[in-house]
Amino acid sequence: MTQTQADADNAPVGQELDAAMYINNDPFEQIIFARVFNAIGCYDTTPLTLRVLNTPMPNENATPFALCDDNSDGLQIFDLSTQVVNILGGLDPATHSVVWFSSLASAEAGTPAIATPSAYTSNTATVFAVVTDTTQPTTTATFCSNIATLSLVVNPLPTPVQPAEYELCDDLESGSDTDEFASFDLRSRDDEITGGNDDWAVSYHLTQGDADAGAPALPDVYQNTVMANQTIFARVENIVTSCFETTTLTLVVNPLPSPTTIVAVEECDTMANDGDVDNDGDAVFDLTGQVTADIINGETFMSLTFHETLASAELGSPSIATPAAYETVSRTIFVRATDTDPATATQCYRVIELELTVQPAPVLPAVIPDLTSCDDNEDGQALFDLTQNDAIVLGTQTTADVTLTYHETLASAEAMVGSVSDMPTF
Ligand SMILES: [Ca+2]
Ligand SMILES: [Ca+2]
Ligand SMILES: [Ca+2]
Ligand SMILES: [Ca+2]
């Protein structure tokens, strides 16, 4: 083999080409010459065309083909036909064929190819594409090809935590605290649902369909639209892989207790009430017995605490320490009624006012003048008009404020029984 016709004809020493390892000089196409000779020196020559075809250069950094593992089996069905443009890079799909193989060895051997590349079941793995230029001009059957790799990735779905029911007390923001609508801070549930996984983003949706579609989302602060109890849907999406899973969130509006507002509770400012002198200005009230029963009025799961200020009632503390014996001047106190239903997590409460009224004790003069009557038949008995000293006993008090009765014994007076019945003439 020689570079020129002359060398083929003359066969000068040293001009013969390396028949096993010859690299062409002229790009793409070059003619060399073959000299054929026999033992007695007869020879002939013929030209030989060397042709260099372009090897296709597919995408060496093809974007991994990732799918979400919708049934958590580690496998997914890949449609490799969607990856032709990806694997070709800038090569023209019209002039290049792509054949897929599951191993490098089979790609190099050209067999066996993946039978159904449009539905190739795989775990996370690498597949191999043989890319062939189908149009290069050639007088032989040589088509140049190259092998490129494509990563197949099966991404796991997020595994959201099923959140506990989200309970709120009926609020006023909806216009009423008895309408069973309240404003829910949905973002407050994110961490519970993601378990603190920062790669997972949460959105909330009215329906399962909206959650699957990812839109429309509910606002971060959402007022329920179904009274009392409503299930909404949370979409948990991996921000890296975009794989998502959904779960439900139940919104619950708990009713506030309904304490009954009662009329003012009255106590007498007497020594008998508080052990102090009459009319020292205050009295001892028992808030625990009938008062509590009247306020609860038969409603279940309600407990009461009593407070001197509205602020402490709203806070729940400090409360009146000894509600069974609360000594006070006349005042308004605040009753906090709290829901104690163990089935609810909210302990909703409502505050009402309670009037405590200290009634002044009637005042008796220290000394009432003796009553004197004449014994007209010497039997030691006489008729008395007990009312003749009423004005002295009443002092500045009037019978509109106090009732005056007379008794034969101190005990019956204190018990207010057995008054002398036939006044004014006893
Ligand atoms: Ca799967
Ligand atoms: Ca409300
Ligand atoms: Ca008193
Ligand atoms: Ca007192």
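A: Domain bounds are those of an automatic or database domain assignment. The model is predicted, so local features require pLDDT of at least 70 and side-chain atom pairs pLDDT 80 or more, while totals for chains, interfaces and linings use all residues. Residues are numbered from 1 along each chain as its sequence is written, and chains are lettered from A and ligands numbered from 1 in the order in which they are written.

Q: Into which domains is the chain divided, and how far apart do the C-alpha centres of domain 2 and domain 4 lie?
A: The assignment gives domain 1 (5–51), domain 2 (65–155), domain 3 (166–254), domain 4 (265–360) and domain 5 (366–426). Between the C-alpha centres of domain 2 and domain 4 the separation is 81 Å.

Q: What makes a stretch a helix or a strand, and how many of each does the chain have?
A: Both are DSSP runs numbered from the N terminus: a helix is a run of H or I with at least four residues, and a strand is a run of E with at least two. The chain has 10 helices and 20 strands.

Q: What makes a residue buried or exposed, and what percentage of the chain counts as buried?
A: A residue is buried if 20 or more other C-beta atoms lie within 10 Å of its own, exposed if 12 or fewer do, and partly exposed in between, with C-beta atoms placed from the backbone. Of the 426 residues, 19% count as buried. Strand S11 (residues 200–205) is mostly covered, with five of its six residues buried.

Q: Why are strands said to pair, and in which sense do S11 and strand S13 pair?
A: Two strands pair if DSSP finds at least two bridges between them. S11 and strand S13 (residues 229–238) have six bridges, in the antiparallel sense; Ala201 has Glu237 of S13 as its bridge partner.

Q: Why are strand S3 and strand S5 placed at the edges of their sheet?
A: The open sheet has four strands in the order S3-S8-S7-S5, with mixed pairing. Strand S3 (65–68) and strand S5 (96–101) each have a single partner strand, so one side of each is left without a neighbour in the sheet. S3 pairs with strand S8 (residues 145–155) in the parallel sense over four bridges, and Leu67 has Val154 of S8 as its bridge partner.

Q: What makes a set of residues a nonpolar core, and which residues touch the most other members of the largest one?
A: A nonpolar core is a set of buried Ala, Val, Leu, Ile, Met, Phe, Trp, Tyr and Cys residues joined through C-beta atoms within 7 Å. The largest has 18 residues, of which Phe285, Leu304, Phe306, Ile333, Val335 and Ala337 touch the most other members. Strand S16 (283–285), S17, strand S19 (331–339) and S20 each supply at least two residues of this core.

Q: How do you know which residues Ala337 is in contact with?
A: Contact requires C-beta atoms, placed from the backbone, to lie within 7 Å. Leaving aside neighbours within four places in sequence, the contacts of Ala337 are Pro257, Pro259, Met302, Leu304, Tyr349 and Arg350.

Q: Why do Phe28 and Asn297 count as exposed?
A: Phe28 has 10 C-beta neighbours inside 10 Å and so counts as exposed. Asn297 has 12, and therefore counts as exposed too. Phe28 has a positive phi of about 70° although it is not a glycine, and phi of Asn297 is near 50°.

Q: Where is Pro112, and what kind of peptide bond joins Thr111 to Pro112?
A: Pro112 is in the loop between helix H3 (104–109) and strand S6 (120–122). The bond from Thr111 is cis, with omega about -5°. Most residues other than glycine have a negative phi, and most peptide bonds are trans.

Terms used: Contact = placed C-beta atoms within 7 Å.
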